[in-house]
Amino acid sequence: MEKSSDFTLYGRIQQKDKEALEQLYDRYEKILFSFLVKMTEDPDLAEEALQEVFIKIWRGKGEYNESKGKFTSWLFTMSRNVAIDLIRKRKKPTVPLEEVGELVNNESTVEEAAEWQEQKEQIETAVQELSGEQQKMIQLFYFKGYTHEKIASICDIPLGTVKSRIRLALKKLKKSLHGVQERGAIDD
Amino acid sequence: MTKMDCEYVVDYLNGTFSEEEIREFENHLKNCADCQQIIELTGELPYLAEPIEPPAEMKTRILAKVFEEDVTEEQQLEPKPAAVPMAKRTPRRNWWTPLIAAVLLLSLLGNAYAFLQLSDQPETETAMREVNLQPSELFEGAAQVKLIREDEALDVVVSAEGLEELQGDEIYQVWLLKEGQPIPAGAFKPNPNGEGAAYFSLEENTEGWDTIAITREPQAGNELPQGDIVLSSEL
């Protein structure tokens with residue numbers, strides 16, 4: 001249901017329906033902003049990225065269609081790529097490497113929306129089932145947007161294996177997440 | 001690339017593919033459960049982020065920027081006669097009412113700061129050029145323009161400071177010129193601190209611009225400059 005309504009909104013946006021864009025903005029502002037702050041570690045840069053994302057959506061660049069999977073997958077991937085571009089352009093030095101390894105932050109805010117909280121807990125649990133190296137792969141690749149060269153040197157692994165390790169880490173994470181979600185469904 | 005397999009899912013996610021490669025990979029995706037799962041995961045991974053309350057005014061700022069392009073288009077009301085022939089320009093949609101255009105222009109004021117900050121970004125790998133505009137005699141103020149080439153479009157981002165206050169309906173209008181022929185490329189009113197910013201995107205006819213200029217126009221919407229040039233530069 002959510003999927004079809006995102007898709008419907010997107011269709012209306014293609015027709016230059018301003019209200020539809022606003023609705024889409026309201027729906028994803030918080031998750032996108034939080035995600036972009038996590039990536040950029042800079043709220044100003046995150047806002048800049050978010051602006052760029054909605055400009056792209058409004059202009060119909062990088063069109064979405066259902067062969068690209070879920071709308072959120074497309075939206076988040078596009079946002080991630082916008083953030084990576086901005087991160088690479090910015091002047092500020094990137095985070096010190098010691099801080100990079102930490103993917104799961106166990107402190108959670110009390111007043112989080114229940115849905116978000118549940119989703120977050122599930123994926124955090126799934127992340128914890130990964131090996132340390134796999135967690136690092138996901139952090140460096142997905143959230144930091146590091147190049148394969150950089151990942152190879154940080155993790156001290158051959159460049160040629162980076163891509164397949166990232167892929168295996170993602171695949172494993174999805175599998176673990178699936179398991180977590182199924183266990184959750186049984187508990188309910 | 002002829003053999004699209006699972007190995008490429010990482011490149012696909014990184015958005016480094018050409019249109020054709022995207023199509024090829026999406027064909028692979030249709031029949032590959034593993035890759036579908038990974039793509040699906042990207043709809044869930046961002047929830048690892050700590051929830052952060054977005055700044056209250058962010059929505060207004062962002063939506064104003066997003067719709068700004070259309071506002072600029074709507075300002076092209078009646079072309080004013082002038083000595084310079086009009087540059088050929090792609091016709092665009094005109095669906096905004098002038099009223100909304102005026103309201104959005106006002107909200108632009110709040111954006112000046114964000115764009116001034118943007119101008120601190122160093123130029124790197126994307127096709128981006130930065131040019132400082134020179135003030136005309138008797139004009140105090142400075143402006144910088146960034147030309148960003150992205151896909152098939154040329155984005156023009158102007159940020160200005162130290163601008164003189166405008167009177168009545170006056171507006172600062174940005175122009176791109178090719179061999180003496182101007183097209184309007186964004187307009188702005190400065191905030192009380194004399195800072196202003198404009199954003200404009202060209203989707204066609206993106207090559208060959210040799211000059212950029214800002215004039216002080218008696219009103220918004222001129223197709224050709226009427227007012228004096230206050231800042232300009234060769235490109």
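Tutor: Axes here are lines fitted to C-alpha atoms, for helices over the stretch in contact, and angles run from 0 to 180 degrees between N-to-C directions. The model under discussion is predicted.

With that convention, consider helix H2 (residues 18-40) and helix H4 (residues 71-89) of chain A, whose axes come within 10 Å and cross at roughly 35 degrees. The crossing of H2(A) with H4(A) is right-handed. On the side of H2(A), the contact is made by A:Tyr28, A:Leu32, A:Phe35, A:Leu36, A:Met39 and A:Thr40. H4(A) contributes A:Leu75, A:Phe76, A:Ser79, A:Arg80, A:Ala83, A:Leu86 and A:Ile87. Sorted by class, the contact of H2(A) with H4(A) holds 10 nonpolar, two polar and one charged residues.

Helix H2 of chain A also contains A:Ala20. Because A:Ala20 has 17 C-beta neighbours inside 10 Å, this residue counts as partly exposed. If neighbours within four places in sequence are left aside, A:Ala20 is in contact with A:Leu9, A:Arg12 and A:Ile13. A:Asp6 lies 14 residues from A:Ala20 in sequence, and their C-alpha atoms are 9.6 Å apart.

A second pair in chain A is formed by H6(A) and helix H7 (residues 148-155), which pack at an angle of about 145 degrees with their axes 11 Å apart. This crossing, too, is described by its hand: H6(A) and H7(A) cross in a right-handed sense. From H6(A), A:Glu133, A:Lys136, A:Leu140 and A:Phe141 meet A:Ile151, A:Ile154 and A:Cys155 of H7(A). The residues of this contact divide into five nonpolar, no polar and two charged.

H6(A) itself covers residues 132-143, and its 12 residues reach 16 Å from first C-alpha to last, close to the 16 Å expected at 1.5 Å a residue. Nine of the 12 residues of H6(A) are buried, so this helix is largely enclosed by the rest of the structure. Among the buried residues are A:Lys136, A:Leu140 and A:Phe141, which also take part in the contact with H7(A). Others that are buried include A:Met137, A:Ile138, A:Tyr142 and A:Phe143. Just after H6(A), A:Gly145 adopts a positive phi of about 65 degrees.

Finally, the contact between the chains takes 54 residues from chain A and 45 residues from chain B. In chain B, helices H1 (9-13), H2 (19-30), H3 (33-41), H4 (58-74) and H6 (111-118) each supply at least two residues of the side that touches chain A. The residues of that side divide into 23 nonpolar, nine polar and 13 charged.

Conventions
Residues are numbered from 1 along each chain as its sequence is written. Chains are lettered from A and ligands numbered from 1 in the order in which they are written. This is a predicted model: local features need pLDDT of at least 70, side-chain atom pairs count only at pLDDT 80 or more; totals for chains, interfaces and linings use all residues. Helices (H or I, at least four residues) and strands (E, at least two) are DSSP runs, numbered from the N terminus. The expected span of a helix is 1.5 Å times one less than its number of residues. A residue is buried if 20 or more other C-beta atoms lie within 10 Å of its own, exposed if 12 or fewer, and partly exposed in between; C-beta atoms are placed from the backbone. A crossing is left-handed if the near helix is turned anticlockwise from the far one by less than a right angle, and right-handed if clockwise. Two residues are in contact if their C-beta atoms, placed from the backbone, lie within 7 Å. Ala, Val, Leu, Ile, Met, Phe, Trp, Tyr, Cys and Pro count as nonpolar, Asp, Glu, Lys and Arg as charged, and the others, Gly among them, as polar.
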